[in-house]
Amino acid sequence: MTEQRPVVQTYTVTGMTCEHCVRAVTEELSALPGVDEVRIDLAGGTATVTSAAPLPVESVRAAVDEAGYELVGGVA
Ligand SMILES: [Cu+2]
């Protein structure tokens with residue numbers, strides 16, 4: 001049996017400028033399977049995602065892209 005420990009990962013997201021952007025990115029990331037919590041740092045341009053298991057970075061990238069923003073690099 002594998003250990004169930006939440007994974008917390010921070011990503012760099014460009015293009016977010018206001019609370020609307022924050023909401024859009026939060027919604028898309030929250031919709032990913034296994035995501036428990038999404039915290040956006042608007043000033044810092046980062047998204048911190050808590051999930052039950054590690055998320056494929058391409059899934060995170062696709063979700064951010066869907067919201068209209070861009071994931072920079074991999075994991076911050
Ligand atoms: Cu905005």
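Start at Asp36, which touches Thr50, Ser51 and Ala52 once residues up to four places away in sequence are left out; contact here means heavy atoms within 4.5 Å. Keep in mind that this is a predicted model, where local features need pLDDT of at least 70, side-chain atom pairs count only at pLDDT 80 or more, and totals for chains, interfaces and linings use all residues. Residues are numbered from 1 along each chain as its sequence is written, and side-chain values use heavy atoms, with hydrogens and water left out.

Asp36 belongs to strand 2 (residues 35-41). Strands are DSSP runs of E with at least two residues, helices are runs of H or I with at least four, and both are numbered from the N terminus. Asp36 has a relative accessible area of 57%, so it counts as exposed (over 50%; buried is under 20%, partly exposed is in between, with a 1.4 Å probe and protein chains only).

Now hop across to Thr50, in strand 3 (residues 46-51). At 12% relative accessibility, Thr50 is buried. With residues up to four places away in sequence not counted, Thr50 touches Pro6, Val7, Val8, Gly34, Val35, Asp36 and Glu37. Strand 1 (residues 7-14) holds another threonine, Thr12, which is partly exposed at 25%.

On to the helices. Helix 1 (residues 19-30) and helix 2 (residues 57-67) pack at about 140°, their axes 8 Å apart. Those axes are lines fitted to C-alpha atoms over the stretch in contact, and angles run from 0 to 180 degrees between N-to-C directions. The pair is therefore oblique, the class left over after roughly parallel (under 35 degrees), roughly antiparallel (over 145) and roughly perpendicular (65 to 115). On the helix 1 side, Ala24, Val25, Glu28 and Leu29 meet Val60, Ala63, Val64, Glu66 and Ala67 of helix 2. By class, that contact has seven nonpolar, no polar and two charged residues; Ala, Val, Leu, Ile, Met, Phe, Trp, Tyr, Cys and Pro count as nonpolar, Asp, Glu, Lys and Arg as charged, and the others, Gly among them, as polar.

Finally, the metal. Cys18 (SG) and Cys21 (SG) are the protein donors of the copper ion, at 2.0 to 2.1 Å. Donors are N, O and S atoms within 2.8 Å of the metal (3.2 Å for Na, K and Ca), and water is not among the atoms, so sites may look incomplete. Cys18 is partly exposed at 32%, whereas Cys21 is buried at 5%.
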